[in-house]
Amino acid sequence: RPSIDLNGQENMETHIIGFDGSLYGSCVRVNFYKKIRDEKKFDSLDELRAEVERNIEMAKNYFK
């Protein structure tokens, strides 16, 4: 989600594989190891879901 809030801080959404919970309001550190894809707009929620599944598989393979 490429946006900047009014305080000038960057904002992003992160998918944590295997995590089922809420971290809203928490401070989370994210390390980047490999870029999977560029920002992309999807025409449907189904297309987004399919892309997320492909991205998850790519990430799992990277960390094997």
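What follows is a short tour, from the whole chain down to single residues.

Before you click anything: this is a predicted model, where local features need pLDDT of at least 70, side-chain atom pairs count only at pLDDT 80 or more, and totals for chains, interfaces and linings use all residues. Numbering starts from 1 along each chain as its sequence is written, and side-chain values use heavy atoms, with hydrogens and water left out.

**Stop 1: the whole chain.** Switch to cartoon and colour by secondary structure. The protein chain has 1 helix and 2 strands, and from the N terminus the order is β-β-α. Helices here are DSSP runs of H or I with at least four residues, strands are runs of E with at least two, and numbering goes from the N terminus. The protein chain exposes about 6400 Å² of accessible area, 50% of it from carbon and sulfur atoms; the areas come from the Shrake-Rupley method with a 1.4 Å probe, and for residues only the protein chains shown count as cover. Of the 64 residues, 8% are buried. Buried means under 20% relative accessible area, exposed means over 50%, and partly exposed is in between (1.4 Å probe, protein chains only).

**Stop 2: a nonpolar patch.** Select Met12, Ile16, Phe19, Leu23, Val28, Val30 and Phe32. Together they form a nonpolar patch on the surface with about 620 Å² of accessible area. Patch members have over 30% relative accessible area and no salt bridge; nonpolar side chains (Val, Leu, Ile, Met, Phe, Trp, Tyr) are joined within 5 Å, like charges within 9 Å. Zoom in on Leu23, which sits in the loop between β2 (10-11) and α1 (45-62). Leu23 counts as partly exposed because its relative accessibility is 33%.

**Stop 3: salt bridges.** How many salt bridges does a search of the whole structure find? The search turns up 4, each a side-chain nitrogen of Lys or Arg within 4 Å of a carboxyl oxygen of Asp or Glu.

- Go to Arg49 and Asp46, bridged at 3.4 Å, N to O. They are 3 residues apart in helix α1, so about one helical turn separates them. Arg49 is partly exposed at 48%, while Asp46 is exposed at 56%.
- Next, pick Glu51 and Arg54, which meet at 2.7 Å, N to O. This pair is also 3 residues apart in helix α1, about one helical turn. Is Glu51 buried or exposed? At 10% relative accessibility, Glu51 counts as buried, whereas Arg54 is partly exposed at 45%.

**Stop 4: Asn55.** Asn55 is in helix α1 and counts as buried, at 12% relative accessibility. Which residues does Asn55 contact, leaving aside neighbours within four places in sequence? Select Ile36 and Arg37: those are its contacts, where contact means heavy atoms within 4.5 Å.

**Stop 5: Glu57.** Finish in helix α1 with Glu57, which is partly exposed with a relative accessible area of 39%. Draw a C-alpha to C-alpha distance from Glu57 to Ile17: the two are 40 residues apart in sequence and 9.9 Å apart in space.
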